[in-house]
Structure formats: C-alpha cells, structure tokens
Amino acid sequence: MFDPPWRYREGFLVALALLLAGFIIELITPQPGISIPAFPFNMFAGLAFITTIVFLHNFYRGEPMVKWLSSIPAATSAICLVTMLTILMGVFHQDRPDSGGTAEALGLTHVKNSWVFLMSQLYVLTSLGLVTLRRSIPLKRKNTGFILNHGGLWIVIAAASLGTGDLHRMRMELHQGEPVWHAFEGNGNIRHLPFALELLNFDIEEYPPQLAIVDSHTGRLSDTDQMPLPYIEAGETIRVADWHITIEEFLPMATAKDGTYVYSEETGAPPFAKIRALNRSTNESREGWISCGSFKYDSEYIWLDGRNVLVMTLPEPRKYQSHVIARTMQDEPRELFIEVNKPPKVKGWRLYQVSYDQSRGKWSEISVLEIVRDPWLPLVYLGFIMLLAGAVYIFWIGKDRTETVNKPSIKN
Amino acid sequence: MFADYTNFPFYGLLVSGLWLTGSLLIWITIFMIKPVHGKSKIVSVLNAEKASKTTTGMVTGMAGNILIVLGILLFGYYLTVLWLSLGRAPMRTLGETRLWYSFFLGLIGYTTYLRWNYKWFMVYSAMMAVLFIMINLVSPENFSKSLMPALQSPWFVPHVIVYIFAYALLGAASIVAVYGLWLEYFREFKKNLLQLGDNLVYIGFAFLTLGLIFGAIWAKEAWGHYWTWDPKETWAFITWLAYLTYMHFRYFHPNKVRTPLWILALAFVILLIAWFGVNYLPSAQSSIHVYS
Ligand code: HEM
C-alpha cells in the first residue's frame with residue numbers, strides 16, 4: 001500500500017484521514033465550525049489555491065501522486081466523502097440552537113460550516129482542478145464538454161464557498177411612514193445601511209375566498225370536500241354531497257348595516273357572501289351570510305346539520321408588494337416596488353419581499369424584507385452557465401461519442 | 001366547475017388501457033419471430049438482434065404502436081386542457097407531478113423502444129406509468145387554482161418539467177439496473193444493456209443538472225439565495241452525486257458489470273428519498289419544498 005500506483009484503497013484512506021483531521025480541528029478549535037474570511041482575504045486564499053494547483057500541474061504533473069490526484073479513484077473517493085457528509089446534513093436537523101453533544105462537537109449539526117466539510121471541498125477542488133488543467137492544456141476541441149462541466153463545477157464550488165465570507169443576508173422591518181436605516185443580521189446584531197427605506201404602502205392582491213364544509217367534531221374539512229375547494233363568486237351553484245349551494249351575492253369587502261351587509265371600504269372589512277343551501281334528500285334549506293372574518297370582525301358561518309358547518313376560507317394572496325422610497329446620502333430618492341420574485345437592487349443590495357403582518361393580512365402596515373449582498377454571485381453564475389452548456393453538450397453528444405473520442409488516459 | 005379534474009378517471013383509464021394493450025401487442029410479436037440461430041427467441045429479441053418477423057407479427061406490432069401513440073396524444077391533450085382550465089401549470093402538488101411523471105414514462109418508454117427496439121422496456125415503462133395513474137385515481141388530491149406568489153416565476157415551469165423528465169429517465173435506468181442484476185445473477189448478462197443504462201443516465205443526468213441550476217436561479221430570485229441546503233436541495237444534490245459516481249465508474253471500468261448495476265439501483269433509491277422521502281426525515285421540519 002502507498003506504493004505507486006495509487007488506486008481506490010489509497011483514495012479512501014486519504015478521505016478517512018481528511019475526515020479525522022476535520023473532526024480533530026473541529027474539536028480543538030473553540031468556536032463551532034469555521035467562517036470564511038471576508039474580502040480581500042478570501043480572494044487571497046482562492047488565488048493561493050489556484051497557484052498551488054497550477055504549480056503542481058506545471059512542474060510535477062509526471063509525479064505519481066499528482067497523476068493519481070487527477071484520476072478517477074481519487075475523484076471517486078472525494079465525491080464519496082462529500083456525499084457522505086451531505087447525507088449526514090440531509091438526515092440531521094441542521095443549525096438548531098439547542099443541539100449540543102457529540103454531533104455538535106464534531107460539526108455534524110452545522111455540516112456546511114464545519115471543518116470536515118471544508119476538508120472534503122478542498123479534496124474535490126484539488127482533484128477536479130488538476131483534471132481540468134490536464135484536459136485543458138493544450139486546449140483541444142474534443143475536450144469542450146469536459147472543460148465546461150469540470151471547470152464550471154470547480155468555479156461554482158470555489159466561488160460559492162469563498163463567497164460566504166462576503167455574503168450578507170439581513171432582515172429589515174418596515175413600518176408605514178418611518179424611514180429605516182438599519183437591518184438585523186441572523187444572530188440579531190444590528191447593522192447600519194448605506195441607504196434608508198420608507199414604506200409608503202403595502203398591498204395584497206387576493207384570490208377569491210373558497211367555500212368549505214367543516215366537520216365540527218374533527219375540526220377538519222368534511223370528507224365530502226375531496227375536490228378542489230370552489231371559489232366563492234356570485235351566481236355560482238355548487239353541489240357538495242346532498243347540498244345544492246347557491247351563492248346569491250358576494251361582497252369582497254363588507255360590514256353589517258341595518259340587519260344586512262353592504263359594501264364597505266372600511267379598514268378590516270372582510271368579504272361576505274349570501275348563501276342559499278338546499279338539501280336534495282331531506283329538502284331542508286338554509287340561508288344566510290358567511291364570512292371568513294378579519295382581524296377586526298368575527299367570521300360568520302352556517303350550520304348545515306348537527307355536525308357540518310358551511311364556512312368561507314381566508315383568501316390566499318395572489319401577489320403582495322411593498323411600495324417604498326429608497327434614500328441614500330448622495331442620490332435622488334427612488335420609488336420602488338418590491339414584490340416576491342421581483343427583487344430590486346439598491347446600492348449593491350437586493351431587496352426581497354418576505355413577509356408582512358399576517359394577522360392584519362391586506363391591511364398590514366408592516367412589511368418584512370430580506371436584504372442580500374453577494375458580490376461573488378457573478379462568478380457563481382459564470383460557473384452555472386458553463387454547467388448548463390456542459391449539460392446541453394452531454395445531452396447532445398451522449399455517451400458513445402465521448403467514449404470513442406476520449407479513451408481513458410490513466411489506467412495504471 | 002371542476003370538470004377538468006373530475007374527468008381524470010376517464011382519461012386515466014383510457015390511456016392506461018391503450019398503453020397496456022399496445023405494449024402487450026408489441027411484446028407478443030416476440031413469439032412470432034423466428035429465432036436467430038443458436039439463441040433463444042427471448043434473448044435475441046431483448047438484444048435487438050435482427051430476426052425475421054412473420055406477417056402476423058408485423059400486424060400486431062403495428063397495432064401496438066398505434067395504440068401507444070394514441071395514448072400519448074390523449075394524455076398530452078388532457079394535460080393541456082387541465083393546464084388551461086386551471087389557469088396555471090399543473091405542477092404544484094405531488095399528485096400533479098405524478099401526472100407528468102406517467103406521461104413522460106410513456107413517452108420515454110416509446111422513444112427508447114423506437115430507437116433501440118427494446119420491447120420489454122416498452123412493457124415496463126407502460127406498467128410503471130399505469131401504476132402512477134392508478135395512484136392518482138385512488139387518491140385524488142385537492143387541486144386548488146391558487147398559486148402562492150413564490151411559485152409565480154418564469155423559472156417554475158422549466159424547473160419542474162426538466163426535473164420530472166430527469167426522474168422519468170432515471171426511473172427507466174433503474175429498471176435497467178434491476179433487470180440487469182436479474183440477468184447477471186440468474187441468466188446471461190448482455191453488455192449492450194449497460195449501454196442503454198449509460199444512455200439513459202447521461203441524458204437523465206444532463207436534465208438533472210439543468211433542474212438543479214434552474215432551481216438555484218429561481219431560489220435566488222424568490223428567496224434571496226441560490227443554495228440554502230434546505231433538506232430537499234440537499235437530497236437533490238446527493239442524487240446528483242450518486243449518478244455522477246455511476247458515470248465516472250463506468251468511464252473508468254467499462255468492463256465491470258455488477259458494481260455499476262448496484263450503483264444505479266442505489267442511486268434510484270436515493271432519488272426516491274429526494275422525491276418522496278424527504279418529507280419524513282427529521283431534518284425536514286421547516287423545508288420550503290414540502291408539497292401541500
Ligand atoms: C458536472 C459534474 C461532472 C460531470 C458532468 C462529469 C462528467 C465526466 C465525464 C463524462 C467523464 C468522462 C470523460 C470524458 O467524457 O471525456 C469524466 C471524467 C472524469 N471526471 Fe468528471 N464529471 C463531473 C464532475 C467531476 C468531479 C466533481 C470530479 C472530481 C472530484 C471529476 C473527475 C473526473 C476525472 C478524474 C475524470 C477522468 C478524466 C481523465 O482520466 O482524463 N468529475 N467526468
């Protein structure tokens with residue numbers, strides 16, 4: 001063993017050694033895991049790593065050790081190490097504050113920031129980097145797919161890991177009419193921002209509410225409601241079990257007036273529907289108003305029999321957005337709309353609509369944003385584009401062509 | 001009002017009938033073939049060796065083809081109508097993704113059969129597809145028209161379609177694995193079976209990569225970061241790594257049979273965990289991906 005040529009056994013021993021080394025470092029370092037340093041130190045680390053690999057490739061590519069590092073057995077052991085750690089990450093609940101114990105001490109409750117995971121990434125990057133260089137120099141057309149896939153993946157892994165040093169994701173809570181100059185980090189620390197946001201208005205567009213029958217014994221939907229819950233719209237007739245239900249009137253916002261309900265724009269006015277229900281087997285009938293209620297008004301419902309109740313569900317949001325003004329020290333104020341899936345950018349920060357005051361629903365005067373800065377993103381996307389192109393290449397060429405074009409070059 | 005989904009039993013049963021009868025007709029032609037000298041009929045047909053067909057064989061084969069194509073067209077039509085009437089892509093719930101899965105299984109089974117002439121493969125794909133249709137018949141899901149804002153993204157449809165296509169291809173590859181293991185341990189293994197496995201995995205893996213990256217880009221737009229190691233993402237990544245191992249192993253050891261077959265079978269188990277099992281893992285308590 002350990003006499004060249006190295007094969008799988010050595011590969012798995014190297015992986016095991018890295019695993020143990022990772023655990024030991026994790027045990028002896030005081031704080032859990034490792035945090036990647038911020039710019040420029042992460043960039044220096046990256047450049048140093050690249051230099052080392054290029055150096056190895058240039059001057060020592062004939063050495064059995066370097067040759068082995070860019071071979072399938074080394075690659076397989078590296079991929080298996082990452083897979084194993086990822087499986088642990090996929091099984092153990094991650095980043096729970098109260099974890100503790102052996103798993104915590106070894107880094108298994110925070111795999112993605114742990115020393116072992118870092119070790120395994122370095123192993124993959126070394127192998128992947130060396131094989132990419134070997135196939136890229138000299139550049140040959142037939143290696144296009146190979147370089148796109150392996151180089152692209154290398155860039156994604158390297159940029160995503162180093163980038164965590166400069167990645168900031170913070171929560172920002174906006175209250176109508178108050179400019180906010182700060183945000184909260186994940187650990188609760190306050191940070192001041194180079195801009196301020198002021199919420200002018202928060203707006204929700206909703207789907208219509210739905211009609212449901214609830215079993216009062218179980219508190220859940222009755223068995224008869226197998227099908228999609230129907231939307232409540234005036235003029236609709238719905239058949240549920242033996243009931244024939246007609247929606248005679250629908251008011252998207254209404255309040256009580258003189259014993260009936262009328263349209264109202266009052267804050268907190270919930271939707272109301274006038275219902276007539278007829279049971280075709282017993283000929284019983286029911287009539288009245290139902291409403292899902294709001295933070296201000298109670299809900300209204302109709303008993304169909306001793307057990308089943310006809311109710312209106314709370315409408316689901318179709319779209320919500322914050323209308324804000326962004327101010328900076330230097331520039332003109334800017335009006336922005338922040339909507340889910342459409343994050344605008346201010347001073348290098350992207351603004352994501354996350355939440356609002358759920359108890360007040362569409363009358364929320366609060367909007368919660370997540371603001372993100374990730375200067376390494378363009379590099380990660382470059383890797384993504386290469387991987388996408390590589391995938392298309394694989395799809396197009398398939399296995400046969402690559403096989404006949406490239407015979408395995410290392411088979412010792 | 002919900003005529004579209006209540007129609008599913010009609011379409012589902014009709015498509016199942018067409019596919020099962022069609023693939024059985026195609027399968028039957030095996031027995032109408034004059035065997036290649038020295039080989040059993042089954043072995044020569046499984047491996048697409050040239051064998052002369054009888055006229056009855058041609059007729060049944062043709063009829064089978066027609067039925068399968070009809071099934072594919074009908075299913076495609078149903079999915080289009082469902083999409084239009086829901087007013088959104090029917091890809092939100094587990095039940096809806098199962099519909100696409102059966103559709104693509106039928107489609108892929110048939111194209112694979114056309115391309116490589118594996119008759120048994122058409123039969124298996126049809127049976128798998130029908131199984132998924134039956135699951136949907138037995139447990140229909142709540143189909144609501146509303147689509148939460150995070151899902152209203154241009155990346156949603158490509159992400160899901162590409163993934164389901166990948167899953168269907170890799171599901172097909174797992175059939176190759178099981179069948180190959182059976183042949184290897186109890187019968188005579190044929191090398192071009194692993195080539196079929198490779199073809200399916202290469203294409204499936206390409207789609208898996210597309211799905212993973214579309215998902216990452218979408219997550220960036222919707223939630224602020226492209227990769228959060230959410231349990232669903234984590235398992236999707238493990239699946240990707242498993243097929244990666246298969247591809248590299250095959251490249252380095254083109255002549256081994258058992259190990260790649262076992263990797264392929266195991267990879268599919270991981271894929272199933274990623275697809276269904278994640279919801280039941282302790283790590284999934286706060287996943288954004290758990291289906292409604
Ligand atoms: C996007 C992910 C990847 C894809 C699509 C991919 C695909 C491939 C393919 C198709 C081959 C066969 C060679 C050829 O066709 O030219 C190959 C070879 C190889 N791959 Fe990968 N691979 C990926 C990731 C990795 C990773 C993560 C490693 C290392 C940790 C790796 C290391 C290798 C090595 C060492 C070879 C042998 C190359 C040689 O001997 O010349 N690959 N890869």
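Colleagues, I begin with chain A, whose secondary structure comprises eight helices and 18 strands; helices (H or I, at least four residues) and strands (E, at least two) are DSSP runs, numbered from the N terminus. The radius of gyration of chain A is 31 Å, well over the 22 Å that the globule rule gives for 412 residues, so the chain is more spread out than a compact globule. That radius is taken over C-alpha atoms, and the rule is 2.2 Å times the number of residues to the power 0.38. The C-alpha trace spans about 95 × 60 × 50 Å along its principal axes.

A word on conventions. This is a predicted model, in which local features need pLDDT of at least 70, side-chain atom pairs count only at pLDDT 80 or more, and totals for chains, interfaces and linings use all residues. Residues are numbered from 1 along each chain as its sequence is written, chains are lettered from A and ligands numbered from 1 in the order in which they are written, and side-chain values use heavy atoms, leaving out hydrogens and water.

As to confidence, the model scores ipTM 0.87 and pTM 0.82. Chain B averages a pLDDT (the predictor's confidence in each residue, from 0 to 100) of 82, and 82% of the residues score at least 70.

Returning to chain A, 48% of its 412 residues are buried, that is, under 20% relative accessible area with a 1.4 Å probe, protein chains only. Of the contacts (heavy atoms within 4.5 Å) with a separation of 6 or more in chain A, 58% are between residues 24 or more positions apart.

One runs from A:Phe39 to A:Pro40, with omega near 5°; A:Pro40 lies in the loop between helix 1 (8-28) and helix 2 (41-60). Another joins A:Ile137 to A:Pro138, with omega near -5°, and A:Pro138 is placed in the loop between helix 6 (115-136) and helix 7 (144-163).

Next come positive phi values in residues other than glycine. A:Asn341 has phi near 75° and sits in the loop between strand 15 (334-339) and strand 16 (345-346) of chain A. Is A:Asn341 buried or exposed? At 10% relative accessibility, A:Asn341 counts as buried. In chain B, phi of B:Trp229 is near 55°. B:Trp229 occupies the loop between helix 8 (191-223) and helix 9 (231-252), and is buried, with a relative accessible area of 19%.

Notes. Buried < 20%, exposed > 50% of the residue type's maximum accessible area, 1.4 Å probe, protein only.
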